[in-house]
Amino acid sequence: MKFENSLAFARKLDKEDPLKSYRNLFFIPKEKGKELIYLCGNSLGLQPKTVEKELKAELEDWKNLGVEGHLHGKRPWLYYHHFFSKSISKLVGAKEDEVVVMNQLSVNLNLMLISFYRPQGKRNKILVEANEFPSDYYAIEQQIKLHGLNPAECIIEVMPPAGEVNLRTEDILAKIEEYKNELALVMFSAVNYYTGQFFEAKKIAAACNEHGIVIGLDLAHAIGNVEIKLHEWGVDFATWCSYKYLNSGPGGVSGVFVHRKHATSFSLPRLAGWWGNDEKTRFKMLKHFVPQPGAAGWQISNAPILSMAAHKASLEIFDKVGMKALRKKSELLTGYLEFLLPVNSQFKVITPLNSSHRGCQLSIQTLAGGKRLFEKLTKAGVIADWREPDVIRVAPVPLYNRFEEVYRFAELLKGTV
Ligand SMILES: *Cc1c(COP(=O)(O)O)cnc(C)c1O
């Protein structure tokens with residue numbers, strides 16, 4: 001499409017947008033009665049209007065039924081995680097028994113590493129991206145120490161070429177080749193939180209599969225943002241959070257994917273609790289853990305129903321719209337933002353310009369006085385995100401952001417200089 005830099009054109013795109021009605025399903029934050037330009041869905045997604053109703057339904061069941069809600073609630077709490085299998089499997093490209101909703105992201109990452117980081121002899125290394133999210137890095141570091149190994153020796157990082165910020169797929173593949181006999185695990189975020197780069201997970205997974213290396217993905221910035229096919233790609237495990245693009249509320253419940261090839265790998269070490277036990281015998285209160293097959297066998301505790309209810313409200317929207325349509329709008333919306341951004345010595349987009357190598361986020365490096373510009377934008381009614389030392393992250397979310405907002409943001413950005 002040939003873009004034009006005008007408010008009229010942005011409004012025309014909004015008018016023609018087949019997903020335009022979805023914005024009405026969300027509460028848009030306001031200041032003094034005026035809607036803010038919210039470009040922070042990569043950090044915390046907005047609240048679907050249906051969340052309150054779903055939460056209230058659970059509160060009512062608790063109020064009226066007490067403990068009976070476990071079996072006789074409108075949605076029996078005992079089986080709550082089952083209600084997500086279909087929606088989540090579609091979002092990550094999995095079979096229904098390969099996913100389960102539980103816990104928080106960093107907790108799940110640790111649980112997965114316990115099962116899937118199995119250092120043996122000199123095959124004890126983990127390949128990570130150089131600029132991995134700190135929480136993931138901490139988890140990896142500690143897991144290595146748990147095995148009595150030295151993180152400085154066991155963590156191998158892939159760096160971007162000198163003077164660049166994004167990783168090259170060929171460099172990742174070359175590192176895998178170089179260390180193919182020493183890597184126990186390759187652990188990547190599918191979309192990097194800082195640059196917004198969407199790695200070529202399919203190619204990375206194929207290289208890992210070829211050399212018998214376990215591959216794990218963190219989908220924190222990928223789920224609900226880009227199209228993912230975990231099963232088909234042969235990814236061993238993955239985890240994500242639901243409060244970013246999945247709009248399920250602050251601290252919202254996480255989930256994991258475990259590939260079917262591990263569904264009955266009961267000999268893998270894992271942490272255990274009654275919720276991962278065979279459902280038929282869970283309440284017989286027997287000794288000795290009998291894990292369920294599939295991802296559900298990694299559950300530990302009974303589910304946080306209030307978080308799960310918010311998650312449910314949000315996933316119903318994704319069920320309706322589908323990732324294909326979302327992604328289509330997303331490419332157009334972010335493409336339009338990229339087109340509108342001023343090209344000068346002040347700003348530089350560090351996110352890949354090829355739309356198949358990014359999700360909706362653009363990371364704009366500000367070359368001078370960036371923090372001051374960012375504060376001006378905030379005063380002008382933009383909610384974006386500042387990352388030290390000099391990056392403004394903006395995420396036009398196709399579910400609720402409009403082309404007009406992207407246009408206004410670009411105008412404001414130009415005005416700050
Ligand atoms: C957001 C994010 C986290 C946050 O972890 P929590 O356990 O949900 O607090 C971790 N890793 C990555 C890559 C993230 O983007």
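This is a predicted model: local features need pLDDT of at least 70, side-chain atom pairs count only at pLDDT 80 or more; totals for chains, interfaces and linings use all residues.
User: Why is K32 called exposed?

Analyst: Exposed means over 50% relative accessible area. K32 has 87%, so K32 is exposed. You'll find K32 in the loop between β1 (30-31) and β2 (34-35).

User: What makes the phi of K32 worth a look?

Analyst: Most residues other than glycine have a negative phi. K32 is not a glycine, yet its phi is positive, about 45°.

User: And how do you know that M285 counts as exposed?

Analyst: The cut-off is over 50%. M285 comes in at 59% relative accessibility, so M285 counts as exposed. M285 also has a positive phi, near 55°, in a residue other than glycine. Look for M285 in the loop between β10 (255-258) and α11 (305-321).

User: What makes helix α4 largely enclosed?

Analyst: Buried means under 20% relative accessible area. Six of the eight residues of α4 (residues 85-92) are buried, so the helix is largely enclosed by the rest of the structure. Those buried residues are S85, S87, I88, S89, L91 and V92.

User: What do the buried residues of α4 pack against?

Analyst: They pack against β4 (99-101), α10 (230-233), β9 (237-240), α11 and α12 (323-340). Following α4 comes G93, with a positive phi near 70°.

User: Why is the peptide bond from E388 to P389 called cis?

Analyst: Its omega is near 5°, and the bond is cis. Most peptide bonds are trans. P389 sits in the loop between β14 (385-387) and β15 (391-394).

Terms used
Residues are numbered from 1 along each chain as its sequence is written. Side-chain values use heavy atoms; hydrogens and water are left out. Helices (H or I, at least four residues) and strands (E, at least two) are DSSP runs, numbered from the N terminus. Buried means under 20% relative accessible area, exposed over 50%, partly exposed in between (1.4 Å probe, protein chains only). Contact means heavy atoms within 4.5 Å.
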